[in-house]
Amino acid sequence: MTKLTRRNLMTAAAATGLAGVLGSRLALAADEPLGITLVVPSPIGDVGWGHALAAGLEPIKAAYGDKVKVTVLENIAEGPDADRIMNKTVADGNKFLVAGSFGYQNGALQIARRDPSVTVLHASGFQIAPNFSPFAAKYFQGTYLLGMAAAALSKTGKLGSVSAFAIPELITSINAFTLGAQAVKPDIEVSVVWVNSWFDPAKEQEAAKALIAQKCDVIFSNAQDTPSVISACEEAGVYAFNLNSSMKKYAPKTYLGCISTDWSPFFKASVDAHLAGTFKGANAFLGVADKVVEVVDWSPDVPADVMTKIKEIEVKIADGSFSPFTGPITKADGSGVASGATMADAEIIAMNWHVKGVSTPLPK
């Protein structure tokens with residue numbers, strides 16, 4: 001797997017002209033490998049979102065061998081640079097693009113609309129085209145369960161979340177975390193610090209310390225690509241959990257668990273469909289039932305009776321008989337979801353409100 005960064009990519013562009021960075025513009029011969037490019041905004045480390053996406057492509061390499069060529073473009077900032085780089089990799093013959101960040105949506109969609117021969121998978125978002133699929137994880141299915149565990153372990157009744165950006169995918173995660181905690185302790189509260197970054201270790205650590213200073217004794221690291229929050233909580237003796245990939249080694253004593261994501265089933269099915277000429281763009285909102293989301297590395301400190309309840313709910317989530325977003329749910333503004341009503345995926349994907357119990361207003 002080839003890894004490129006914004007720095008060496010743009011340096012090469014300056015030296016040879018952007019058209020020469022990734023290869024010639026000659027059309028690929030029919031017997032040449034399928035070029036698959038993953039673009040992510042953060043470095044590919046040993047944990048986090050980018051790591052999970054890259055890991056999701058490994059089974060494709062194993063299945064297809066030299067029939068595919070995978071390139072990872074890491075640390076590509078959202079904006080004009082990302083648009084130019086994505087356009088260039090496609091112009092050079094790569095026909096399968098995984099745009100791994102919410103901020104890549106507009107540029108990636110334009111690529112799909114211009115070239116029907118290209119398949120584009122875009123992380124989160126809402127736009128769909130015949131060759132363009134947004135994909136997102138139902139993290140909320142796992143954060144609900146970890147909310148139950150967090151409430152059982154909390155002594156202060158105050159929980160916290162260090163969160164990247166106020167987009168629906170992360171708002172739903174916070175809301176379900178709160179609802180799960182309230183299922184165990186109805187009066188529990190959740191405070192949020194929005195860091196407005198996918199990758200800012202210093203800012204993430206400061207945010208975690210600020211929540212700990214507010215007496216939050218379980219912290220949710222919501223879409224950080226570094227273990228900064230987890231490490232800060234370990235140092236302070238505070239429980240913490242995160243999304244995408246396990247960070248247990250950074251907090252051997254106070255790690256509560258991880259909502260792990262395995263993108264390989266979705267990526268593999270999408271590549272299969274592209275090669276067969278049957279790909280159809282659709283909103284891929286994937287969870288426990290799709291074997292994309294799984295809670296792993298549960299803390300042994302969770303009381304046995306609570307863990308039994310958690311496992312019972314987990315089974316119901318998997319078989320579809322329970323949703324964290326089934327009413328009655330009271331929103332922060334006093335409105336709500338009626339008792340017995342279950343929110344549809346389309347409503348969850350568009351969520352722009354907090355449940356009652358989240359004490360931090362959403363940024364405007």
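Let me start with Gly35: this glycine is buried, at a relative accessible area of 4%. Buried here means under 20% relative accessible area, with exposed over 50% and partly exposed in between, using a 1.4 Å probe and protein chains only.

Some ground rules. This is a predicted model, where local features need pLDDT of at least 70 and side-chain atom pairs count only at pLDDT 80 or more, while totals for chains, interfaces and linings use all residues. Residues are numbered from 1 along each chain as its sequence is written, and side-chain values use heavy atoms, with hydrogens and water left out.

Back to Gly35. Gly35 sits in strand 2, residues 34-39. Strands are DSSP runs of E, at least two residues; helices are runs of H or I, at least four residues; both are numbered from the N terminus. Setting aside neighbours within four places in sequence, Gly35 contacts Lys69, Asn94, Lys95 and Phe96. Contact means heavy atoms within 4.5 Å. Asp66 is 31 residues from Gly35 in sequence, and 11 Å away in space, C-alpha to C-alpha.

Two strands pair if DSSP finds at least two bridges between them.

Look at strand 7. Of its 6 residues, 5 are buried. Strand 7 runs parallel to strand 8, joined by 6 bridges. From strand 7 the chain passes through helix 6 to strand 8, a right-handed β-α-β crossover. Right-handed means that, with the strands pointing away from the viewer, the path from the first strand over the helix to the second runs clockwise. Strand 7 also pairs with strand 9, in the parallel sense, over 4 bridges. Val162 has bridge partners in both strands: Val193 in strand 8 and Ser221 in strand 9. Gly160 stands opposite Ile219 of strand 9.

So what about Ser221, buried or exposed? Ser221 is buried, with a relative accessible area of 1%. Ser221 lies in strand 9, residues 218-222. Not counting residues up to four places away in sequence, Ser221 touches Val162, Val229, Ile230, Phe241, Asn242 and Leu243.

That brings in helix 8. Angles run from 0 to 180 degrees between N-to-C directions, and axes are lines fitted to C-alpha atoms, for helices over the stretch in contact. Helix 8 covers residues 228-236, and its buried residues are Ser228, Val229, Ile230, Ala232, Cys233 and Glu234. What covers them includes helix 7 (201-213) and strand 10 (239-244). Just after helix 8, Gly237 takes a positive phi of about 75 degrees.

Last, a helix pair. Two packed helices are described by the angle between their axes and the distance between the axes. Helix 5 (139-153) and helix 6 (168-184) pack at about 35 degrees, with axes 6 Å apart. The contact includes Gly147 and Ala151 of helix 5, and Ala176 and Gly180 of helix 6. Its residues divide into 14 nonpolar, 5 polar and 1 charged. Nonpolar counts Ala, Val, Leu, Ile, Met, Phe, Trp, Tyr, Cys and Pro; charged counts Asp, Glu, Lys and Arg; the others, Gly among them, are polar.
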